[in-house]
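Please take a moment with the sequence and the structure below before reading on. The paragraphs that follow go through the structure step by step.

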Amino acid sequence: MTELLNNSEFVITLAILLVSASIVGYMSWLERRPRKSLTPRLLPTTPVILVFGFIALLALVHLANLYGIHTGNRPRL
């Protein structure tokens, strides 16, 4: 694990995962808050949650691949 922390690709992917997960969490919290008025928000939360959720999923798969877990198609015999 210590050699993974020295790998810049691992650190950047981990940072992307953490940032995207925090954006998804904040937007989910913002969407579920009670509305004070009926004016629409300037930033639509649902597309932002979907985009950053997809980015977090890709980052998670990339981290698993960097760790050594094979996530693609298995070779056929």
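With which residue does Arg 32 form a salt bridge? In this predicted model, the partner of Arg 32 is Glu 31, and the closest N and O atoms of the pair are 3.8 Å apart. A search of the whole structure finds 1 salt bridge.

From here the reader may turn to helix H3, which runs over residues 45-67 and holds 23 residues. At 1.5 Å a residue this helix should span 33 Å, and its end C-alpha atoms are 32 Å apart, so the two values agree. Just after H3 comes Gly 68, which takes a positive phi of about 115°.

Which residues of H3 are buried? They are Thr 45, Val 48, Ile 49, Ala 56, Ala 59, Leu 63 and Ala 64, and what covers them includes helix H2, made of residues 8-32. In an α-helix there are 3.6 residues a turn, so residues three or four places apart point the same way.

Ser 20 lies in helix H2 and counts as buried because its relative accessibility is 2%, which is under the 20% limit. Leaving aside residues up to four places away in sequence, Ser 20 touches Phe 52, Ile 55 and Ala 56, and of these Ala 56 is among the buried residues of H3.

The largest nonpolar core has 6 residues, namely Leu 4, Phe 10, Leu 17, Ala 56, Ala 59 and Leu 63. H2 and H3 are the elements that give two or more residues to this core, and H3 gives the most, with 3 residues. Apart from this core lies another one, of 5 residues, among them Val 24, Leu 30, Val 48 and Ile 49.

Ile 12, Ile 16, Val 51 and Ile 55 make a nonpolar surface patch of about 330 Å², to which H2 and H3 each supply at least two residues. Val 51, one of the patch residues, lies in helix H3 and counts as partly exposed because its relative accessibility is 48%, which falls between the limits of 20% and 50%. Ile 55, another member of the patch, is also one of the residues that Ser 20 touches.

Methods: Residues numbered from 1 in each chain as written. Predicted model: local features only at pLDDT ≥ 70, side-chain atom pairs only at ≥ 80, totals over all residues. Heavy atoms only, no water. Salt bridge = Lys/Arg side-chain N within 4 Å of Asp/Glu carboxyl O. Helix = DSSP H or I, 4+ residues; strand = E, 2+ residues; numbered from the N terminus. Expected span 1.5 Å × (residues − 1). Buried < 20%, exposed > 50% of the residue type's maximum accessible area, 1.4 Å probe, protein only. Contact = heavy atoms within 4.5 Å. Patch = residues over 30% accessible without salt bridge, like charges linked within 9 Å, V, L, I, M, F, W, Y side chains within 5 Å. Areas by Shrake-Rupley, 256 points an atom, 1.4 Å probe, with all protein chains shown as cover. Core = buried A, V, L, I, M, F, W, Y, C linked by side-chain atoms within 4.5 Å.
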